[in-house]
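Please open the structure in a viewer and keep the selection panel at hand.

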Amino acid sequence: MVIKGHTVCQGKAEGEAIVYKGPFSFLGDLDPNTGKVPIPNHPLEGQSLVGKVCVFTTGHGSSGGPTYAWAAKRRGNIPAAMIFLEVEPIIATAVIAAEIPTIDKLERDPFEVIKNGDRVKVDATAGIVEVTKC
Amino acid sequence: MFLRDEEKAMLDGHQGHGVQKAMDLLVKLGECFGAERMVKVNWTHTILDGLPYDFFQAVTEGAKPGPRVTLHPGWQPEKWKEIGLTTGPRADIFIERHNQRLEIAKRLKWNITETCAEYLLGYIPKKGDVIAMTGTCMQVANNSLYGALVNRAGDLSTVASAVTGVTPYMGLMLPQNRYAHVLVKLEKGLDFNNWREMHYSCLGYFIGNQVLGYKNVVIDGLPRNLPFEYARAVVISHPVSGAVTLVHIVGVTPEAPTLEAVLSRKPEQTIVVGKRELKRTWEELNVHEGDVVEHVAIGCPHCSIEEIRHLGSLIKGRKLKASLAIGAGNEVVAKTREMGYTQPIEEAGGVFLNCCIGVGDPFISTYYAAEKAVKSSATNGARAAHYQARTMDVAVFLGTEEECIEAAVTGKWEGREPEW
């Protein structure tokens with residue numbers, strides 16, 4: 001299945017999908033030293049986002065997000081690609097600075113068509129997402 | 001996007017590689033959000049510490065002093081050393097790194113304000129001023145409480161604005177984008193007479209979490225004579241759980257004399273908040289077992305003169321078992337010291353800091369304090385509670401400032417479930 005979207009940060013990558021219907025921040029929701037989610041009592045607690053294609057609703061939280069994204073990238077602890085319903089300026093700055101291929105505003109609801117574990121190819125330069133069901 | 005000749009020259013590298021890199025980031029950001037052009041900033045508020053030094057050095061290289069730049073709280077490593085938290089070679093490394101950045105800031109004539117509440121120092125924007133700002137609490141406060149034009153922005157893009165003097169013309173800069181998308185109604189029966197900053201912060205945190213993305217909120221039903229500190233506690237908690245950067249409060253904030261003034265059409269979303277939602281929010285923000293409190297952190301965002309006066313009156317004549325950090329700008333502390341408000345706090349063992357209390361309290365962070373870091377902390381706002389639990393692996397108690405000070409005195413949490 002191929003779905004069109006809007007380019008946030010150019011680039012191509014693929015990986016296993018991690019889907020969470022909520023917002024994301026590089027400050028507080030991903031430990032740059034481990035690449036894991038540190039949030040207490042959260043469905044993703046302890047899961048690694050490294051090399052994954054992460055699907056979230058939007059960004060939230062601190063303006064320090066881009067710096068934490070930069071730090072995570074330096075340590076190789078970033079997602080391969082990201083998909084959002086709609087980005088906001090802090091999460092956009094973070095993925096642009098860390099050069100993570102990212103797409104938002106897909107023509108179909110990503111939470112309906114992408115499930116945890118699906119294989120997802122993101123061509124953010126062309127603005128295309130390709131989903132292979134697991 | 002359209003660029004003026006001087007902006008194009010920056011992008012083409014005529015002002016050096018650093019300015020080019022900065023303009024490149026701003027152009028990519030603007031294009032992502034459909035900005036048609038750049039706009040000159042009246043003021044930039046950015047940050048030094050914590051930024052990747054390679055990025056900071058690269059972007060500021062060759063830059064010249066531009067429009068006014070103020071600074072967010074960062075590290076205060078000499079003070080940390082003085083109070084015995086960060087010591088030895090570790091302290092020296094922090095001091096060296098901090099001073100390297102200060103040198104660059106001084107060369108560029110940036111004002112070393114180091115507070116997340118510039119408005120308390122007299123840096124108050126006029127309605128309509130264009131500001132590129134780091135610190136989501138600064139963004140939402142200046143937008144909502146003063147009517148400045150401030151977008152949600154990340155730290156790296158505000159450094160880029162500080163060296164280029166521009167920001168993409170998009171989002172909340174455009175008059176048509178300042179109306180409310182989301183209407184918040186408050187259920188009857190909430191007793192605001194009992195409410196403190198903690199209560200108001202939980203309200204903002206709950207709403208921020210319910211709103212999807214970069215939308216504006218209007219809250220109808222709060223007391224019209226809301227004191228500054230309480231109005232601030234409401235607005236600054238929204239972008240912690242969410243991305244809301246403009247919060248109108250009917251009868252309180254300048255763009256919302258009436259509900260109709262900020263709701264041009266039917267709201268996209270209506271949220272009703274009552275006691276049940278607030279109780280759940282407070283429960284989620286309390287992340288602890290047992291009742292031992294080793295540390296109390298107040299001042300996220302930095303305290304006002306009135307808040308410090310109140311804390312002083314609560315502590316007067318008592319001694320503290322737990323450590324107490326109070327975040328405030330240097331100028332605010334100087335005035336409260338002159339008034340005698342700080343004396344009971346400092347005599348009891350409390351410490352004033354101008355660093356970030358929410359994400360970077362040096363008593364809690366193992367990055368700063370190593371093995372001296374505390375394992376439990378109490379605070380009076382949703383913002384600090386959220387970040388302390390997520391970034392510093394510490395047990396968090398959230399209560400009123402009265403309950404926090406009691407805990408600082410006894411070393412135990414005796415706070416009760418709040419009444420809403």
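**A guided tour of chain B**

Begin by selecting B:Thr136, B:Cys137, B:Met138, B:Gln139, B:Val140, B:Ala141, B:Asn142, B:Asn143, B:Ser144 and B:Leu145, which are the buried residues of H6(B). A residue is buried if 20 or more other C-beta atoms, placed from the backbone, lie within 10 Å of its own, exposed if 12 or fewer, and partly exposed in between. The model is predicted: local features need pLDDT of at least 70, side-chain atom pairs count only at pLDDT 80 or more, and totals for chains, interfaces and linings use all residues. Residues are numbered from 1 along each chain as its sequence is written, while chains are lettered from A and ligands numbered from 1 in the order in which they are written.

Now extend the selection to the whole of helix H6 (residues 136-146) of chain B, where 10 of 11 residues are buried. Helices (H or I, at least four residues) and strands (E, at least two) are DSSP runs, numbered from the N terminus. Among the elements of chain B against which the buried residues of H6(B) pack are strand S2 (43-46), strand S4 (130-133) and helix H15 (382-391); two residues are in contact if their C-beta atoms, placed from the backbone, lie within 7 Å. Just after H6(B), select B:Gly147, whose phi is positive at about 75°.

**Two crossing helices**

Select helix H2 (residues 17-32) and helix H3 (residues 53-60) of chain B, whose axes lie 5 Å apart at an angle of about 110°. Axes are lines fitted to C-alpha atoms, for helices over the stretch in contact, and angles run from 0 to 180 degrees between N-to-C directions. H2(B) and H3(B) are therefore roughly perpendicular to each other, a label given to angles of 65 to 115 degrees. To see the contact, show B:Gly18, B:Lys21 and B:Ala22 from H2(B) together with B:Ala58, B:Val59 and B:Thr60 from H3(B).

**An open sheet**

The next selection is the four-stranded open sheet of chain B, with order S9-S8-S7-S10 and parallel pairing; two strands pair if DSSP finds at least two bridges between them. S9 and strand S10 (269-273) of chain B stand at the edges with a single partner strand each, so one side of each has no neighbour in the sheet. Direction ignored, neighbouring strands of this sheet are turned by 20° against each other on average. Strand S7 (residues 182-186) and strand S8 (residues 217-220) of chain B run parallel and are joined by four bridges. B:Val182 has B:Val217 as its bridge partner in S8(B).

**Domains**

Colour chain B by its domain assignment: domain 1 (5-173), domain 2 (179-283) and domain 3 (287-410). These bounds come from an automatic or database domain assignment. The centres of domain 1 and domain 2 of chain B, taken over C-alpha atoms, are 28 Å apart. Between them, 15 residues of domain 1 of chain B are in contact with 15 residues of domain 2 of chain B.

**The contact with chain A**

Display both chains: 34 residues from chain B and 29 residues from chain A take part in the contact. On the side of chain B, the elements giving two or more residues are H2, helix H7 (155-164), H9 and H15.

**A last stop in a loop**

Finally, select B:Lys319, in the loop between helix H11 (305-315) and strand S12 (323-327) of chain B. Is B:Lys319 buried or exposed? B:Lys319 counts as exposed because it has 10 C-beta neighbours inside 10 Å. B:Gly349 is 30 residues from B:Lys319 in sequence, yet 7.1 Å from B:Lys319 in space, C-alpha to C-alpha.

Key
Angles under 35 degrees count as roughly parallel, over 145 as roughly antiparallel, 65 to 115 as roughly perpendicular and the rest as oblique.
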